[in-house]
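Student: Hi! Could you walk me through this one while I look at it?
Tutor: Happy to. Here it is.

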Amino acid sequence: MSPKAGIRRAAGSFVAPGTLVALVAVIVILLAAAGAPILSDQSPLDQDLTAMNGGPTAEHLLGTDNLGRDVLVRLLWGARTTLVVGALGTALAFALGAGVGLMAIVAGRLTEMLWFAVIDLIRALPATLLGVLLIVALGSGTVPVIIALGLSFSPLVALVVRTAHAREVARDYVAAAASFGGGRLHVLVHHILPNLIGTLVTQGAIVLPRCIVTESVLSFLGLGSSPDEPTWGRMIADASRFIEQAPHAILAPVIALIVLTTALSVLGDQLRRRLDPTRAAAMPADLAEASPIATAWTAEGAES
Amino acid sequence: MSRWLPVLFALLAGLARAVGIVVVTWFLCRVMPGDVVDVLGLEGGLSEAQQADLRVSLGYDRPIVVQFFDWAQHALAGDFGRSVRFDRPVADMLASAAPVTIELALGSFVVGVALALGLAIAATSMKSRLLEAAVDGLNIWSIAVPTFCAGVLGIIVFSLWLGWLPVIGSLILPIIIIGLDNAGQIVKLVREDLAEAVMLPHVRTARAKGLSPWRIAVVHVLPVAAPIVLVLSGLVLSGLVAGTLTMEILFGLPGIGSLMLNAVHGRDLPVVLAAVTVVAVALVAINTLVDALHRLIDPRVNR
């Protein structure tokens, strides 16, 4: 199945109400993040000392935190950091996992072995622990967090890409392209890569919400970006000390984060069902039944 | 012998991984900008000469490779040096923090696996819509709700609204929250594996004999699914680390996570090194054992 056909089918078929709600939620959060400077009438650092830990009022729609900062304004600005850092972390994970991974595979057995030994080592550490370690090494800040996210999630991408690549290499069109004199890099870029797009998109949809959650965990632990830069994780950490006086200040970012991760997961799940050829569900039932070979490699792909 | 060879290889690979991680951890920690001497210098107003003396007494002036082997030698004997901040042996600090973390991790692991297994077995043998929905719900919960958000919600609901538990220092709530997360991560996969195992011929025979669904599930289906359950138990470890770390902070529990973070903020290098190393090596060890055990009970993976 070509990725184009997959996208056509994704667009053409019935959209479940849950997916629609998730899509709307993500779009609203994206717009809120993009429009933060226009939407907010004050800076996320402005302190209203007459209204510390205040509940929702006409002036502060979601109330204020322990320093009298407007929760809604901080939520809007925090969405920017959370989304940008999450997206850049995902991009780096792909550059390392898919980019470097595929180059290492194409370059030869030795480079493949070496790079995947590194990947294996990274994989042995959970994302949070690797994050703590890298932030210790590089100092806290936005860039170390992005590096930590990219490194932590690169194995997830690399291993899936390696499996998918091995699956494609064994197929006839690759042998055909090679027999026409196509070099390994040429075959990779022009023949194999287009067939990996479905897998890559699917994997991106899995990695992005995880990056966002891990970024929030790191900010929550005080290891993320500087205190001046509002992030949802840091808002939760700050407000957790005043949970009794001002539950609204902590509920707002918690709910925002849950809505974002839920919506992204729902969308990612839909994408996977429609785009990933390694999933039996993505293949038209008639094709799977008609071809025993197709069924065999589908089962094999799903297993790994 | 051929049965044990893959197990031996798995153990050796685990050892290599552990050594690799320790080396990487150590050198990463050593490049951190601003060591503890800088921090103490700022706080206590140490002069340049005093700072230099302190560095010499800490051994920071020696070649870095020498420092590593010195550290590794002592660490192998259980001596992680002294905390620069608290002037206590790091090993003692770890020992007093470990029980909290172990209780938290072990408790939530047991809760998680028991819940996932129980729910998956029930859903497989009873064919109930409600149970299927519970499986899906638990799975979505673990994907969508980060543990520290669940912790915040738990505190608000149970402590503030219902007034059941004290917020700080409670272990029950964090164990349940991490346990739910663990269960959600594996329940769907266990359920899928059980659904496949149910289709096997010997299970059909058992059903034809008229055995009760529960007996079939426990005696005939579960042993087939044991390997996957084992592998999945290894999978929850990563979530367990994030979970215990954030829960310790949120609930003010004095475990290894709290120790590590305080040390990171205070640039207390020996403590950071020891805490990260101990946790990382423990994880590699558990994963290696799971892998070895898996190869032992399910020779199919050795191919």
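Tutor: Starting at the N terminus, the elements of chain B run α-α-α-α-α-α-α-α-α-α-α-α. Keep in mind that this is a predicted model.

Student: What sort of box do the C-alpha atoms of chain B fill?
Tutor: Along the principal axes, the box is roughly 85 × 60 × 25 Å.

Student: And how much of chain B counts as buried?
Tutor: Of its 303 residues, 48% are buried. As for contacts in chain B between residues at least 6 apart in sequence, 74% of them join residues at least 24 apart.

Student: Which three residues of chain B supply more of its buried area than any other three?
Tutor: Those are B:Arg17, B:Leu28 and B:Phe148, which supply 16% of the area that chain B buries against chain A.

Student: Now the inside. Which residues have the most contacts in the largest nonpolar core?
Tutor: A:Trp232, A:Ile236 and B:Trp71, in a core of 124 residues. Helix α9 of chain A, residues 184-220, makes the largest contribution to this core, with twelve residues.

Student: What does A:Trp232 touch?
Tutor: Leaving out residues up to four places away in sequence, its contacts include A:Ile29, A:Leu75, A:Gly78 and A:Ala79. A:Trp232 also touches A:Thr82, A:Pro253, A:Ala256, A:Leu257 and A:Leu260.

Student: Which residues line the largest cavity?
Tutor: The lining is made of A:Asp65, A:Val71, A:Arg74, A:Met235, A:Asp238, A:Ala239 and A:Ala249. In chain A, α4 (71-107) and α10 (232-240) are the elements that give two or more residues each. The largest share, three residues, is from α10(A).

Student: And how many of those lining residues are nonpolar, polar or charged?
Tutor: The lining of the largest cavity has four nonpolar, no polar and three charged residues.

Student: What about open space, say the second largest pocket? What volume does that have?
Tutor: About 600 Å³. The pocket is lined by 25 residues, and the closest to its centre are B:Thr101, B:Ala105, B:Ala282, B:Leu283 and B:Ile286.

Student: Which helices supply at least two residues of that lining?
Tutor: In chain B, α5 (90-126), α10 (213-250), α11 (256-266) and α12 (269-297) each do. The largest share is eight residues, from α10(B). By type, the lining of the second largest pocket has 19 nonpolar, five polar and one charged.

Student: One last thing: where does A:Leu20 lie?
Tutor: A:Leu20 is in helix α2 of chain A, residues 17-34. The C-alpha atoms of A:Leu20 and A:Val266 are separated by 9.6 Å, although these residues are 246 residues apart along the chain.

Terms used:
Residues numbered from 1 in each chain as written. Chains lettered and ligands numbered in written order. Predicted model: local features only at pLDDT ≥ 70, side-chain atom pairs only at ≥ 80, totals over all residues. Heavy atoms only, no water. Core = buried A, V, L, I, M, F, W, Y, C linked by side-chain atoms within 4.5 Å. Buried < 20%, exposed > 50% of the residue type's maximum accessible area, 1.4 Å probe, protein only. Helix = DSSP H or I, 4+ residues; strand = E, 2+ residues; numbered from the N terminus. Contact = heavy atoms within 4.5 Å. 1 Å grid on protein atoms, 1.4 Å probe; cavity = no way out; pocket = protein on both sides within 12 Å on 5 of 7 lines; lining within 4 Å. Nonpolar A, V, L, I, M, F, W, Y, C, P; charged D, E, K, R; others polar. Buried area = accessible area lost by both parts, 1.4 Å probe. Points joined across faces, edges and corners; volume = space filled by probe spheres on them.
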